[in-house]
Each structure stands twice: as structure tokens, then as C-alpha cells.
Amino acid sequence: MDTPHLLSIKGLEVRFRTEDGEVTPVRGVTLSVAAGETVALVGESGSGKSVTSLATMGLLPRPAGRVSGGQILFRRRSGEVTDLVTLPLPELRKLRGSEIAMIFQEPMTSLNPVLTVGEQIAESVRLHMGIGHGAALRRAEEMLGLVEIPNARDRIHEYPHQMSGGMRQRVMIALAMSCNPALLIADEPTTALDVTIQAQILALIARLQRDLGMGVLFITHNLGVVAEVADRVTVMYAGQVVETGSVKDIFQAPRHPYTSALLNCLPARARHREDGRRVVQSIPGSVEFVKEGCSFAPRCTLAADICRTGAVTLDDETERSVRCLRWREVLA
Amino acid sequence: MNAAPLLAVEGLTKYFGRAPQLVRAVEDVSFDIAPGEVLGLVGESGSGKSTIGRLILRLIDSTAGAIRFEGQDISQLPERHLKVLRRNAQMIFQDPYASLNPRLRVREIVGEALDAHRIASGTRRTERIGELLETVGLQAAHLSRFPHEFSGGQRQRIGIARALAVEPKLIVADEPVSALDVSVQAQVINLLQDLRQRFGLAMLFISHDLDVVELMCDRIAVLYLGRVMEIGSSDDISKRPRHPYTRALLAASPKADPDAPKIRRMLTGDIPSPMAPPSGCVFRTRCPAATEECARTVPMLRSTGGGHRFACHYDIAYDEEPAAA
């Protein structure tokens with residue numbers, strides 16, 4: 001490609017050693033994020049979306065988890081493209097927090113409880129930008145202002161436990177933004193928040209992205225949030241990407257039977273039953289990792305014999321791809 | 001509805017702790033539920049919705065107010081006189097992992113209720129447990145398994161079978177589908193709809209998810225900091241909301257539609273602590289239309305007809321409502 005993406009994950013495979021032997025929660029994930037774009041990585045429990053994000057950040061629990069295949073290519077500010085899988089840990093650490101930033105679901109576990117929020121942001125700024133203590137504290141104050149925390153001058157002296165969940169998530173975002181990252185990985189950042197607070201945080205992330213031109217990889221299970229934030233969407237099921245497309249493609253013209261079944265599970269798409277009760281379409285059973293054929297076949301109402309035995313691959317690696325042998329037939 | 005209510009709650013109030021740490025969890029809440037009716041309680045953290053569910057089942061004691069079940073006030077009854085309530089009102093919990101005893105087999109989990117109320121014994125007991133499992137979409141063959149052998153959705157089904165064992169008239173369902181993946185959530189929603197139809201169950205359905213509540217409930221009460229802001233039919237609340245908080249809550253819920261407008265009225269600030277609720281209207285600190293009057297007086301619920309009531313000093317039309325920054 002002439003203009004390589006900011007982040008380009010190709011054929012990622014992750015294995016974990018467990019007491020019962022080795023498992024492969026991520027089995028060939030391909031996705032990309034361009035500068036200034038938000039890509040939502042969506043899936044249910046066991047889809048492998050969080051393991052994908054941990055692998056991208058180099059945060060797989062060691063030594064149990066490891067990347068066993070594929071590449072995670074990141075375009076650095078210098079223009080050089082680096083494979084994060086093979087990058088030595090000290091260099092990866094340097095990259096995290098400067099060019100790549102992360103925010104998580106539960107800010108309380110990611111913030112240091114014994115440091116004031118100002119000290120934490122200042123520490124990160126000093127480390128990555130090499131500026132003095134006073135300047136770093138001023139930067140911290142500026143960052144709290146940036147994430148719309150009122151009375152930033154006073155609040156830099158507060159500890160995380162003195163703040164509400166929404167305020168703590170703002171501090172996490174301030175911390176993530178403090179070094180001007182090119183890529184933000186947001187792993188369920190609003191899942192623990194009340195809906196009115198979630199709306200504030202989503203708007204904040206969208207504004208920062210626009211203003212700073214960041215690429216955002218937004219991991220979530222919430223389809224409403226996906227529709228709200230995403231430019232493009234990658235849908236995962238049982239460790240694999242099943243479909244990628246623009247947010248409109250995915251919501252208005254899904255190709256994979258899983259994507260359309262998932263959308264039909266939404267309460268907002270309920271229909272009236274004969275007895276007057278409103279019901280939603282559901283997907284029978286639960287996620288299985290199959291050895292042969294399509295992973296979704298055991299739950300797919302449209303599955304044919306070929307789906308259970310054939311090799312099912314992601315049909316191409318362009319902006320619109322689907323992992324289904326029969327999507328053309330099924331849609332017709 | 002004209003039928004005598006199955007449950008009537010009047011002026012229900014619950015404080016936890018004591019001054020200066022007094023938490024006003026529920027303040028002067030009233031509503032009723034007719035036989036076979038499903039009332040939704042929605043609200044964010046600190047709204048008191050779960051506390052209300054626990055008060056109604058007498059899992060905790062109220063500070064003030066009446067809880068009439070089939071006409072009898074059960075709010076002050078000693079435990080030994082609560083047998084009728086326990087036989088007729090059951091609970092389904094949010095977390096299907098935490099609410100089942102991991103050391104008991106399904107047979108014992110579901111059978112406990114049958115034993116406690118001496119409903120069935122011997123072979124009849126085993127048959128009944130098998131029937132209950134089939135009712136919730138499990139198999140009688142699952143009888144001797146432990147909770148850890150089931151998926152999250154299946155565990156929630158076990159919790160539902162346990163609640164159904166006594167053939168209750170009322171079920172308090174506290175976020176019953178919130179911990180489940182959307183595809184599994186759909187299965188449980190449909191099961192609950194089936195059970196309503198089949199057994200004429202009344203439900204108090206507690207959830208923070210407006211879409212789920214709108215789907216499941218005949219009527220909805222919207223709570224904020226322990227008080228009812230608005231109550232009405234599902235359609236009243238979702239299509240014709242009158243209270244600024246209800247409108248804000250609806251506007252803040254992300255729609256699974258990329259064409260839905262993204263700019264919307266957004267509430268600024270945080271939910272105040274229930275230890276220090278604002279004077280007057282508890283919502284006023286975040287209300288885009290608040291005036292000095294709102295700080296002075298608590299607005300009473302007023303009726304718009306047809307059982308739709310809302311607690312606001314004003315009745316602001318949508319287009320008059322100033323958009324918050």
C-alpha cells in the first residue's frame with residue numbers, strides 16, 4: 001500500500017498455556033486503523049477482542065500468553081513502520097504512552113491510588129517528554145482542562161478515590177493524551193459508567209480525536225456505542241474477524257449471518273409476537289471453538305454442510321470483507 | 001388498570017447509616033403493580049432502584065412507608081409472618097455466577113424452595129424439578145450438575161427456575177439480563193416474555209437499560225437519587241416523556257443506528273451523592289431548565305391523565321428546553 005495505515009494487524013494469532021493445554025483465543029485477526037479514524041472492534045464474550053487489544057499493546061500476561069503468528073505493524077511519527085510483535089520490550093514501553101496510548105474500562109485499577117492525579121500525569125509527561133517538574137505539573141493542569149474537568153488547578157491535588165467514576169475516566173484520558181499519541185486504544189472505556197456520564201465521555205473522546213487527529217481503536221461489546229463512535233467496524237466471533245466494513249455497511253447491510261443475527265438481538269429491533277408480547281430474535285446456544293469449518297456454523301440458521309467442513313477464510317483484506325462461504329447466496 | 005393491585009407501595013423511604021453519613025437511598029416512592037403487570041424501574045447509580053426491589057421482598061427493612069401485598073401491609077411484619085410473601089414473591093438476580101451456591105447441584109438449588117414451602121417431596125419433587133428446568137429451556141438431565149458446568153445464560157435460567165418453583169405471583173428481577181452478552185440476553189428476554197404469558201406473572205423489572213425496559217414493561221418509573229421523576233406507560237415514557245431527566249436519559253442512550261443524530265442534549269456534571277442530595281428538586285443541579293424555585297421546593301408528582309405523572313414544577317415543551325452546553 002502507498003499510504004500505510006497507522007496500525008495494521010495482519011493474521012494475528014495468540015496462544016495461551018492453561019492447565020488443560022494450549023488454547024488459541026485469537027486465530028487470525030486482520031484489521032487496520034488510519035490516522036484520524038475510529039475503528040470499533042466489536043464482539044461478545046470469548047470473541048477475542050480484548051486479547052487482540054492486549055496483544056497490540058504488548059500487555060499479554062507473560063509467560064502464559066504469547067503472539068504465535070502474524071504482525072502488528074505500527075507507523076511511527078518518523079514514518080518508519082515497526083512490527084510491535086518483534087519489538088523489544090523496552091522499546092515497546094517507550095512507544096506506549098508516547099505514540100500509543102491506552103484507556104481501560106476501570107480507571108481505578110489503572111490509576112495509582114497513592115499519587116495525586118496531577119503527580120501521575122506529571123510523572124508520565126516528565127518520562128516521555130523530558131521536561132522539568134514545574135513544567136510537567138503545569139502540563140498536567142492543562143490536560144485536566146482539556147478533558148473538561150472543572151477547577152483543574154485544585155483538582156490536580158486530589159487522589160483518584162476522591163473522584164467519581166466519570167471524573168476518574170477523564171483523568172485516565174488526560175493521562176493518555178498527555179504525550180500527544182497518534183493512536184489511542186480504548187478498551188471498553190465507558191462500560192462501567194452510567195449512561196449520562198457515558199455520553200459525556202464518548203463526546204470527549206470524539207472531540208479529542210478530531211482536534212488531535214488521532215487514530216482510535218475502540219473495543220466494545222455495545223452496538224449502540226459502536227454506531228455512535230465508529231467510522232469503520234470490525235466484528236469478531238470465536239477468535240476470528242467475521243466481517244469488516246464502514247459503520248453504515250455493518251448496521252445497514254451486514255453480510256455475515258452472525259453480524260445480522262447480532263443486530264437482530266437488540267431490544268430496539270424487537271417485534272410483536274402473536275400473543276402481543278414483544279420478542280427479539282436470539283442466537284441459540286453459545287460460542288464454540290470449532291476445529292473445522294465456520295466457527296459460527298453450530299449456531300447459524302443458514303449453515304449448510306459445506307460450512308461445517310470447508311475452509312472458511314476472510315474473503316479479502318480490503319475495506320469490506322466477510323468470512324462466510326455463503327453470504328452471496330444468503331443475501332440473494 | 002382497575003383490578004385491585006397485587007402490590008401497592010406508598011411513601012416508601014429508606015435511609016442507610018446515620019447523620020452525617022446518612023444515605024437517602026429511597027425517598028417517598030409510591031407505585032403499584034396490578035396482577036400480571038410488569039413495571040420497570042430505571043435509573044442510574046444511586047437512583048435507589050435495587051434498594052426498592054430489596055425493600056419490597058423484605059430483604060432489608062424500610063425506614064418509612066407502606067408495602068401492601070394483596071392488600072396487607074408487609075413492611076412491618078415480623079419474619080415469621082412473611083411466609084405468604086415468600087411463597088408469592090421471588091427474586092431473580094443480576095449475576096448468575098454469584099447468586100447460585102457453587103456447592104449445590106441444580107436439584108438442590110431448585111429443590112430448596114420446594115422443601116421450604118413443603119410443595120413437593122419424593123418422586124413428585126424430582127418430577128417437579130425436571131418440569132421447572134424444562135420450563136426455562138434446560139433439560140431434566142441437568143439435575144445433578146453443578147452451577148460451574150453451565151454458561152452464564154444457562155445459570156440465569158437456573159435462577160429463574162428457582163424463582164418459579166413456588167409459583168409466585170410477583171417476581172422482582174434486578175438487572176436480570178445486564179451481565180449477559182446481547183445474543184444470550186435476547187434468549188432470556190424471550191424466556192421471560194414466555195413465562196409472563198404462561199403464568200400471568202407480575203414483575204418489578206429493574207434495569208438501567210432503557211431499551212430492555214421499554215421492551216419488557218407495561219409501565220415504567222424513572223428514578224433519580226431515590227425519587228420518582230416520572231411514571232407512566234411504556235409509550236408515555238419512551239415516546240412522550242415530560243420530565244427533563246427522562247428526556248436526557250433517553251437522549252444519552254446510544255442508538256444502534258449510525259444515521260441517528262449524534263449531537264444531543266447532554267447532561268453536564270456528575271450525579272450528586274445520595275449523602276448530600278440537592279435541596280428542592282434533586283435533579284436541579286444538572287437540569288438545563290432549573291430555576292430558583294427548583295432549589296426551594298420539592299416538586300410533587302402531577303398527573304397528565306391516563307396514569308402518566310411527572311415531578312417537575314414546569315411543563316417544558318421539547319423545543320423550549322435550552323440545550324445544555
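User: Which residue just after H6(B) takes a positive phi?
Analyst: Gly200(B), at about 60 degrees. Helices here are DSSP runs of H or I with at least four residues, strands are E runs of at least two, and both are numbered from the N terminus.

User: What kind of model is this?
Analyst: A predicted one: local features need pLDDT of at least 70, side-chain atom pairs count only at pLDDT 80 or more, and totals for chains, interfaces and linings use all residues. Residues are numbered from 1 along each chain as its sequence is written, with chains lettered from A and ligands numbered from 1 in the order in which they are written.

User: Back to H6(B). How many residues has it?
Analyst: H6(B) has 18 residues. The reach from first C-alpha to last is 25 Å, close to the 26 Å expected at 1.5 Å a residue. That expected span is 1.5 Å times one less than the number of residues.

User: How many residues of chain B are in contact with chain A?
Analyst: 34 residues of chain B are in contact with 37 of chain A. Contact means C-beta atoms, placed from the backbone, within 7 Å.

User: Which element gives the largest share of chain B's side?
Analyst: H6(B), with 10 residues. Helix H7 (210-216) and helix H9 (244-252) of chain B also give two or more.

User: What do the buried residues of H6(B) pack against?
Analyst: Parts of both chains, including helix H11 (257-264) of chain A and helix H5 (152-164) of chain B. Buried means 20 or more other C-beta atoms, placed from the backbone, within 10 Å of the residue's own. Val182(B) and Arg196(B) are among the buried ones.

Terms used
Contact = placed C-beta atoms within 7 Å. Buried ≥ 20, exposed ≤ 12 C-beta atoms within 10 Å, placed from the backbone.
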